[in-house]
Amino acid sequence: MAGRRRVRGSHVVVLCLLLVALVGCGGRPVTDTVRADVQRLLDRRAAALLAHDATAYAGTGAAGDYARVRAVPLEDFSYRVAAVHGDGAARTADVRLSYRVRGYDRAPVTAGRTVRLARGADGGWAVTAETPASGAGAQLWDQGTVDVVRGERSLVMGVGQSGERLRTFADLADRAVPAVAAAWGTGWTLHVVVLVPKSLAGMAALLGSPASSYRGIAAVTTGETGGPPRAPADRIVVNPDAYGMLGAVGRQVVLTHETTHVATRAHTNAATPLWLSEGYADYVGYRDSGRTPTEVAPELVGAVAGGDAPAALPTDADFGFSGDAVRLAEAYEGGWLACRMIAGRWGEERLDAFYRAVGAHGKRAGAVEGALRSVLGTSLADLTADWRQYVHDQLAAPAG
C-alpha cells in the first residue's frame with residue numbers, strides 16, 4: 001500500500017507459510033476450495049442422473065438411490081452448494097436441490113438437502129449419503145421406489161402404491177382439470193402433478209411437518225401463492241389413509257378442490273382470507289357434484305338447529321388443521337356457502353373477479369372491503385349479514 005515500507009522477500013515467505021493452512025499462498029480459502037470441489041462432484045452426479053448413466057453416478061459415491069430418483073421423469077436436476085462443514089476426511093454440505101419434471105413444471109421445485117461426504121485415498125470427495133435438510137420436506141424418492149402413471153392432464157407419482165390405484169388418481173385429476181377450467185378459466189397450466197406416498201407419515205415427511213397436522217386431511221397443495229407463472233411448481237400431496245375413507249364423490253371433490261388451488265395460486269396471497277381461498281376451492285369442487293347444502297355442510301346444519309350459527313365469516317385461525325375438528329369443518333362449510341351465495345346472487349364471473357381483485361390488493365388490510373365495493377357493490381357488513389341469512393335459509397329444517 002502507498003506510504004508503507006516494502007517488506008523483504010524472506011518476510012513474505014514466512015507470512016505465506018503462516019497463512020497457507022488457512023488460505024494458501026494464492027489467497028483462496030481452503031474451505032472455498034473444498035466447496036468448489038464438492039460443487040464439481042455434485043455437478044457430475046446430477047449430469048450422470050440426467051444422462052441415465054448409472055456407472056458415472058456410482059463414480060460420485062453412494063448409488064443406492066439412483067434407481068429411485070431415475071424413475072422420476074426429469075427435465076432438469078442440479079445442486080447448488082451453500083456451505084461445507086467439518087474438517088478432515090469427512091464433511092457435510094448444505095445444498096439446494098433444484099429440479100423440474102418434464103412436461104409439467106414451468107419452474108423448478110427447490111429443496112434443502114444435506115449431503116455427507118468422505119475423502120478417498122486419491123484425495124477426491126465422494127457422496128456417502130443425501131438426506132432432507134433439517135426442517136425441509138423429503139422428496140418422494142427418499143421414501144422408496146417411485147412408480148409413475150401418466151394421465152391425459154396429470155402425472156401421478158407414488159411410493160408403495162399399486163399401478164391400479166395410481167391410475168385412479170390420474171383419472172380423478174383428469175376430470176378435475178376441465179372442471180376447474182370451466183369455473184376459473186384456462187389461464188393456468190391445465191395439468192397437475194399428484195404425489196401419493198405410502199401413508200400419512202409419508203405425506204407428513206414430504207411436507208416437513210408432524211403427521212398430527214394432517215390426520216383426517218385427504219390432500220393438500222404445495223406451491224408458492226401469489227407467485228408469477230414461473231413460481232415454484234405445485235404438487236398435490238395425498239394422504240392415502242384419509243383418502244381411502246372417502247366415497248366416489250368425496251374423492252372427486254377433494255382432487256377438484258386441490259386442483260383449484262393450483263389454478264388460483266397466482267391470484268392468492270397474503271391479502272386472501274382463507275374463507276375465500278378454501279371456500280372457492282370447495283365451491284368448484286362441489287359445483288358439479290349434485291350435493292345439496294345440507295349434505296355438504298352437516299356441522300353447520302347442527303349449529304343452526306341448535307341456535308349456534310356463526311355470527312361472522314370464518315377467520316384464518318378457524319382453518320387450523322391441528323385445532324378442533326368441528327370448528328375446522330364449520331370453517332370450510334361457511335367459506336363454501338359464502339362463495340356459493342356470491343355465485344348465486346352475482347354470478348360466477350363476478351365471483352371470480354372478486355377473488356382476483358382481493359389478491360390484486362396484495363395485503364390483507366382493506367382487500368376484501370375494496371373488492372366488495374368495486375366488484376360486487378356491497379360492504380363487508382352487508383355481505384356478512386346476507387351470508388348469515390343465507391346459512392339459515394339453506395340449512396334450517398322446514399317448520400312443522
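How are α9 and α12 oriented to each other: roughly parallel or roughly perpendicular? The tour of this predicted model starts with that pair.

**First stop: α9 and α12.** Select helix α9 (residues 274–286) together with helix α12 (residues 325–346). Their axes cross at roughly 70 degrees and come within 7 Å. Angles of 65 to 115 degrees count as roughly perpendicular, and α9 and α12 are therefore roughly perpendicular to each other. Next, display the side chains at the contact. On α9, select Trp 275, Leu 276, Glu 278, Gly 279, Tyr 280, Asp 282, Tyr 283 and Tyr 286; on α12, the partners are Tyr 332, Gly 335, Trp 336, Ala 338, Cys 339, Arg 340 and Ala 343. Coloured by class, the residues of this contact divide into 10 nonpolar, two polar and three charged.

**Second stop: Thr 378.** Move to the loop between α14 (367–376) and α15, where Thr 378 is placed. Thr 378 has a relative accessible area of 13% and is buried, because buried means under 20%. Beyond its neighbours within four places in sequence, the contacts of Thr 378 are Trp 346, Leu 372, Arg 373 and Leu 383.

To view the contact, select Leu 300, Val 301 and Val 304 of α11 with Val 391, His 392 and Leu 395 of α15. Five residues of this contact are nonpolar, one is polar and none is charged.

Notes. Residues are numbered from 1 along each chain as its sequence is written. This is a predicted model: local features need pLDDT of at least 70, side-chain atom pairs count only at pLDDT 80 or more; totals for chains, interfaces and linings use all residues. Side-chain values use heavy atoms; hydrogens and water are left out. Contact means heavy atoms within 4.5 Å. Helices (H or I, at least four residues) and strands (E, at least two) are DSSP runs, numbered from the N terminus. Ala, Val, Leu, Ile, Met, Phe, Trp, Tyr, Cys and Pro count as nonpolar, Asp, Glu, Lys and Arg as charged, and the others, Gly among them, as polar. Buried means under 20% relative accessible area, exposed over 50%, partly exposed in between (1.4 Å probe, protein chains only). Axes are lines fitted to C-alpha atoms, for helices over the stretch in contact, and angles run from 0 to 180 degrees between N-to-C directions. Angles under 35 degrees count as roughly parallel, over 145 as roughly antiparallel, 65 to 115 as roughly perpendicular and the rest as oblique.
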